[in-house]
Amino acid sequence: MGRIFSGVLLALFASFTAAQNQVNMSPGVTEIGADIFELHMLIMWICVVIGVAVFAVMFYSIYAHRKSRGHEASQFHESTKVEIAWTVVPFLILIGMAVPATSTLLEVYDNDEAELDVLITGHQWKWKYEYLDETGENISFFSNLTTPQEEIYNTEAKGDHYLLEVDEPLVIPTNTKVRFLITANDVIHSWWVPELAVKRDAIPGFINEAWTRVPQEGIYRGQCTELCGAYHGFMPVVVHAVSPEEFQAWQAAKRGAAQAESQLAMQTLSADELMAQGKAVYETSCGACHGAQGEGGIGNAIAGSSVVMGDLSQHMAIVAKGVAGTAMQAFDAQLNEVELAAVLTYQRNAFGNNTGDIVQPGDVTGMSNG
Amino acid sequence: MGDHQHGPAKGMLRWLYTTNHKDIGTLYLWFSFAMFLLGGFFAMVIRAELFQPGMQLVEPAFFNQMTTLHGLVMVFGAIMPSFVGLANWLIPMMIGAPDMALPRMNNWSFWILPPAFLMLASTLFMEGGAPAFGWTFYAPLSTTYAPPSVTFFIFAIHILGVSSIMGSINIIATVMNMRAPGMTYMKMPMFVWTWLITAFLLVAVMPVLAGAVTMMLMDIHFGTSFFSAAGGGDPVLFQHIFWFFGHPEVYIIILPAFGVVSQIIPAFSRKPLFGYASMVYATASIAFLSFVVWAHHMYTVGMPVAGELFFMYATMLIAVPTGVKVFNWISTMWRGSLSFETPMLFSIGFLVLFTLGGFTGLMLSIAPADFQYHDTYFVVAHFHYVMVAGAVFSMTAAIYYWLPKWCGRMYSESMGKIHFWISFIGFNITFFPQHFVGLAGMPRRIPDYALQFADFNMMSSIGAFIYGASQLLFLYNVIATIVSGERVSDEKVWDGAEGLEWTVPTPAPYHTFEEPPLVSKPAGTF
Ligand SMILES: [Cu+2]
């Protein structure tokens, strides 16, 4: 009770007591962000000035022209001159607003001459990033929320970046014009990073363009802003802007890791290795719908499931290709062979499904596009 | 005429069979208030979950059902029917007509509403839950990815559309054909004017909405692909169609509210409405412009830049006639003889808060800035300033203003004033901070949020509980008035009130203007 009461007090005096209560748009770090911020402030101040003037007249009237003060009503009720004036003057003010608005908009739409292209695909409920490379060696990965369920359900203290943290952020080089090609795999999402002033809807069947040039290194956080289903609030965007040199090194490391991964796919893994990796994959990709203990939720239960404990090829097909018309997605686009094999092994042996089946990466070859 | 003077039929079935405009108006008003409480309850669930970061009360999927039903029930169940109810009660009395032009259809257009909402509410108990795709129901979330209850939702929307279209046709027919001798168009009270224009908007756009949901139905059950990219369809097409309905819908809600305020401000300023003719033209301009601005809800879908510019300029233009209205209202008050009974307080509250919502609307119209505002709490704050402080405040003002005329009893003025101040303060505590969290980056329609938004969300929730509670006071005040309010018999009730509805006895008899009155004075003059 006391905590709630102090919370109430804090909330009421929020703007005075805590620096964390941001009340205005952030100018962000990019040139466009600064332009939009200036435009926003300009329009806001014009509105404030007009509002103060109009309400001053109204409140003066409320004060001075009261019946209780014995004010007699005049009976004037029209004036063409005044009507023309308050039609024309606002129109001119609007033209004054439209000029900077137009030039800023044209800037936002200047998608040409990008030095790096990143394809961003919205999935329920994670983002996929793919760096388009003319040699065809695209780097691609999914970016999943890492905030644990315990924090969301209040059994553990919430971290600093609660709901705004991911396993693999989008990495981009500074001082480079990066073009984002934005689309979606299932429903409409929207990719937004306030400090980069980039927001574009991710629409299945469409590829939208947006761009940014980030002048300073840093971590910029945002969220999906178009309602996309149950976990719409749980698909953050995190962007790391690093120096171009660091970016090169990161790319090389990613390519190396991808190669090692495909080497691994040729090998036979131990049951322990598969179970350990399978558990990790399950928690990021399956747990939200099928329950942390395989008990089910939006999706069917995994524990004791006849599909999971039945024929492997059917189980594999559902995981890889999804189930049309349901929230069960095709995971072949999201997981590589090792991950698919691991998660299948895990599902077939965890939560009391002790089938003893071991699925090797070789068994799922041809099932993965990831 | 003596033997035609009769009261209502006896018994409960009277309400089912009635074709009397006053009875039907009453039905609409009570129904919409019930829906207002239901939609308000959903809002309380939303604000309770958002009281603190983390998930406490409901699951994310259920949270989405709450936001969806809150929007649908408030827009289609509370606000729209309440103004239809007001139109039923007032339009015949304001133009000197004995009843609505099409009384049997009037009965029908009300009585199909309750089953439609019963069906919509019942989706909460269906497998897969109620619709959870937002009141804007964007495809493919509302088609391929929707719960099975979406079919019931579509049927409910169809019925609401039929009801609205019938109601509008009735209003148009009544205003065009049943005005008393001498009541020319330019003598009609502003409320009648705004409703006439609203009715045309409704007839124009409800079929568009019906088309949209029918295409959804085809996509879901008959294998078409209107909105599915995989089958060659276009999810953005859905948004164009929806907002071609949706933007005029906003004015459908707000124009009658303008009409109400244009009746009440002159009455308590004891001075005619300033610029009557320009008010009519401004209303018509707003209605016209509302058809060519729809895509300002879609600045981020990736329209070509020429489209963005067109919709930005057209939207900015709406500020001009809206400004004219605000200036006219203030000029009406200027050098009047003002008093501040509850209806006037709510009207002034409307004027201040609606103007604030208008300013944020202007900000939102600026396409590049909208890239930062779009789908954040800034938008939520904006449209609640227009919808709640606009439409709901004006509706509340209307009830306090005309209730004594309807039932011949006076409401408790002190309770009315308390209701106003609690509403006004509660409303602003709820929605003002939402501008801040929106600008700071909080998306709308999320059940849980990052920690930097916590303080303002808590504040917003507290305000919402205050605002919600104040509506129970309103309900109590209205019931107490009807049951045991102090009797009034003065025809005018308010010394500044003008118009034909104040020339009939108080309380208004079951049948009025069976003999048409003769109108000679222009509207709004003494
Ligand atoms: Cu999303």
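This is a predicted model: local features need pLDDT of at least 70, side-chain atom pairs count only at pLDDT 80 or more; totals for chains, interfaces and linings use all residues.

A: Let us begin with the elements: helices (H or I, at least four residues) and strands (E, at least two) are DSSP runs, numbered from the N terminus. Residues are numbered from 1 along each chain as its sequence is written, chains are lettered from A and ligands numbered from 1 in the order in which they are written, and side-chain values use heavy atoms, with hydrogens and water left out.

Q: Is Ser243(A) buried or exposed, and with what is Ser243(A) in contact?

A: Buried means under 20% relative accessible area, exposed over 50%, and partly exposed in between (1.4 Å probe, protein chains only). Ser243(A) has 13% relative accessibility and therefore counts as buried. Contact means heavy atoms within 4.5 Å, and, leaving aside its neighbours within four places in sequence, Ser243(A) is in contact with Thr174(A) and Glu217(A).

Q: Which atoms coordinate the copper ion, and why is the arrangement tetrahedral?

A: Donors are N, O and S atoms within 2.8 Å of the metal (3.2 Å for Na, K and Ca), and water is not among the atoms, so sites may look incomplete. Here the copper ion is coordinated at 2.1 to 2.5 Å by His189(A) through ND1, Cys224(A) through SG, Cys228(A) through SG and Met235(A) through SD. Four donors count as tetrahedral if all angles lie between 85 and 135 degrees; four count as square planar and six as octahedral if opposite donors are over 155 degrees apart and all others between 65 and 115; anything else is irregular. The 4 donor atoms around the copper ion subtend angles of 91 to 129 degrees, which makes the arrangement tetrahedral. His189(A) lies in strand β6 (residues 189–193) of chain A and Met235(A) in the loop between β9 (218–224) and β10 (236–242) of chain A, so the pair ties together parts that are 46 residues apart in sequence. Both His189(A) and Met235(A) are buried.

Q: How many bridges join strand β1 of chain A to β2(A)?

A: Two strands pair if DSSP finds at least two bridges between them. Strand β1 (residues 116–123) of chain A is joined to β2(A) by 7 bridges, and the two run antiparallel, forming a hairpin with 2 residues between them. Within this pairing, Gly122(A) stands opposite Trp127(A) in β2(A). On to the next strand: β2(A) and strand β3 (residues 139–143) of chain A also run antiparallel, joined by 5 bridges, and Lys128(A) stands opposite Phe142(A) in β3(A). Strand β2 (residues 126–132) of chain A is mostly covered, with 6 of its 7 residues buried.

Q: In what order do the 5 strands of the open sheet in chain A come?

A: The order is β4-β10-β9-β6-β7 (chain A), and the pairing is mixed. The edge strands are β4 (170–173) and β7 (198–202) of chain A, each of which pairs on one side only. Inside the sheet, β6(A) and β9(A) run antiparallel, joined by 2 bridges, and the bridge partner of Trp192(A) in β9(A) is Gln223(A).
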